[in-house]
Structures are given as structure tokens and as C-alpha cells.
Amino acid sequence: MSKAAITGVYGYVPDYVLTNAELERMVDTNDEWITSRTGIKERHILKGEGMGSSHMGAKAVAGLLEKLSIKPEEVDLLICATTTPDYVFPGTANLICDMVGIRNIGSFDIQAACSGFVYALTIGSQFIETGKYKKIVIVGADKMSAIIDYTDRATCVLFGDGAGAVMLEPNEDGLGILDSIIKSDGVGQNHLYQKAGGSRYPPTHETVEKRSHYVYQDGPAVFKFAVKNMADVSAEIMERNNLAGSDVAWLVPHQANKRIIDATAHRMGIEADKVMMNIHRYGNTTAATIPLCLFDYESQLKKGDNLVLAAFGGGFTWGAAYVKWAY
């Protein structure tokens with residue numbers, strides 16, 4: 001049976017850079033505090049009226065297609081992982097397709113918070129394996145600045161904006177996405193979420209006044225759950241595939257917090273120089289973190305490299321994928 005191989009990757013971040021120094025002027029925090037607790041030095045922010053996640057996603061997809069010399073009409077399916085869709089509807093995937101000239105195909109959004117890219121990759125791979133489609137674009141795109149309260153020092157230092165996209169194509173040589181695990185537990189629903197704006201609490205004057213349309217996070221609870229479950233699922237996928245730490249060329253972790261990443265790598269027995277890390281440059285771009293890592297480290301990847309992708313997100317959601325790099 002064919003496997004779904006990643007045959008190309010492209011990333012995009014906006015031009016505006018929000019540094020720790022600038023945040024020091026906005027809230028009661030400082031560079032040393034932010035860096036020591038999160039590993040973040042700066043993050044990119046999408047500026048401009050009417051600009052949404054789709055604009056970044058479209059930049060990533062357009063760059064990917066141009067890089068691979070693939071025409072828009074050759075794409076069979078597009079899946080967008082996002083927590084910050086442009087609208088409740090239409091889907092951000094639809095908007096991205098329109099912007100890059102992709103017509104008359106299936107496209108849809110996946111909402112699994114920071115685990116969204118791993119979820120989307122898992123779903124997309126099934127269509128390749130069954131022979132249904134030949135070229136599938138997976139996008140992770142989030143404009144977290146749209147739902148961040150820049151008076152809340154607990155959350156405003158963490159997040160940035162960005163997008164990344166990969167192409168999935170069939171591979172008959174044992175390369176590609178060899179295994180994946182996705183999990184969730186609604187026990188985390190009140191620890192990391194946006195309180196208002198959905199069908200349960202639609203926008204009202206009261207929800208706006210209470211600042212309920214911004215991200216709320218119970219930091220200690222999220223940290224504790226993330227450390228355990230991201231490490232657990234990474235260890236599980238290694239055990240299922242008889243992988244030791246020495247067999248893994250790269251750990252590609254969700255970039256939420258350097259301490260969570262370090263704990264996951266330690267549990268897996270992976271040395272620090274085999275862990276993809278760009279959190280210092282981008283912060284947490286939610287569904288975009290993993291494809292942005294792949295894009296930044298692409299030149300260091302070799303055909304046949306064993307990669308473990310791991311993520312954890314609000315809700316809670318988490319997951320991992322075992323990928324044998326295809327080029």
C-alpha cells in the first residue's frame with residue numbers, strides 16, 4: 001500500500017516582529033522572565049485591516065506550489081488546520097483555495113488547537129493510502145494575535161502569527177507517514193480556551209466588556225498536562241515502531257514552551273541537537289509551528305531520516321506521527 005510522503009514544505013511569517021523589549025513596555029514583564037520560562041525572544045504579528053489566517057495560509061500554499069512546480073489545478077484536496085479561522089463560515093481552507101486559484105476540489109478546516117497540524121496530516125494521509133487522491137495540501141495557519149489580550153501578561157508573551165504548508169503525495173518505497181496517533185480529553189476544556197464568540201456564548205456587549213473573546217489559559221494545569229501527554233504519545237509511537245532514541249534523526253515538537261519540549265525530548269532519549277527548535281523566533285504559532293519547523297530545518301533533512309512529530313493543544317488534544325523523510 002502507498003504511504004503518504006511529504007514531498008515539499010513552505011513557511012510564511014508576517015514582517016512585523018514583536019520583541020520581548022516591546023512587550024516590556026506593554027505589560028509588567030521582562031526579557032529574562034519570558035526567556036527563562038518559555039524560550040521565546042520574539043514573535044511575528046500580522047498587521048493590516050481585514051487580514052486573517054487565510055492570507056498567511058495562501059502565502060504558504062502559493063510558495064509551496066511554486067517551489068514544487070505544481071499547478072493549482074493539480075491539487076486534489078486541501079486541509080487547513082486553524083484555531084483562528086477568518087470567519088465562522090466559510091472555511092479558511094475555502095478562502096485559501098480561492099486566493100491561490102485552486103477550484104472545484106474538496107477543502108475543509110480542522111480545529112484541534114495546537115495539535116491541528118498532526119490531526120490534519122493524519123486525515124490527509126488516509127486519502128493517499130486508499131488511492132483516493134494523489135496531491136494533498138496540508139496547511140497550518142493561525143493569527144493568534146487576533147484573540148490575544150495584550151494586557152494579560154500570562155498569555156500575550158506566548159503567541160505569534162504564521163503559516164506553513166506541506167504537500168502529500170504517494171510513495172511506494174516505504175517513505176512517508178508510517179504511523180500516527182491522535183488523542184483528546186475534554187477534561188481540559190476550561191484550562192485553555194476562548195470563553196465567548198461561539199454558539200454557547202455568542203458576542204454581546206457583556207462578553208466584550210468582560211474580555212471573554214480572548215484566550216484564557218490556566219498555565220500550571222496546561223503545563224502539567226502537556227508535559228505528560230506530549231511525552232507519553234511520543235514514547236508510544238516510538239514503542240509501536242520499535243524505535244530507540246538513537247534511531248530518531250529529529251524530534252519535531254509543537255513550539256509552545258521550551259521546558260515542555262525539553263521534557264519530551266528527555267523522555268524519548270533524544271539529544272538536544274536532534275530537536276527542532278524555533279520558538280525563540282516565532283513563539284507559539286499554534287497549528288503552524290510544526291510545518292514552520294520543517295521549513296526552517298529542511299536543508300538539514302536527509303532522505304530516509306526518521307522524524308517524530310509531536311503536539312499538544314487546548315481542549316485537550318494531543319498527537320504524534322512517525323515520518324520517514326522522503327527527499
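On a 1 Å grid over the protein atoms alone, a pocket is an open set of points where a 1.4 Å probe fits, with protein on both sides within 12 Å along at least five of seven lines; its lining residues have an atom within 4 Å of a point. A volume is the space filled by probe spheres set on the points, which are joined across faces, edges and corners.

The model is predicted: local features need pLDDT of at least 70, side-chain atom pairs count only at pLDDT 80 or more, and totals for chains, interfaces and linings use all residues. Residues are numbered from 1 along each chain as its sequence is written, and side-chain values use heavy atoms, without hydrogens and water.

**Exercise 1.** Explain where the second largest pocket lies.

*Solution.* 
1. Domain bounds come from an automatic or database domain assignment.
2. Domain 1 (3-174) and domain 2 (178-325) both supply lining residues, so the second largest pocket lies between them.

**Exercise 2.** Describe the largest pocket and locate it.

*Solution.* 
1. The largest pocket contains about 1200 Å³ of space.
2. Among its 42 lining residues, the closest to the centre are Thr-83, Gln-111, Ile-147, Gln-194 and Ala-196.
3. Domain 1 (3-174) and domain 2 (178-325) both give residues to the lining of the largest pocket, so this pocket lies between them.
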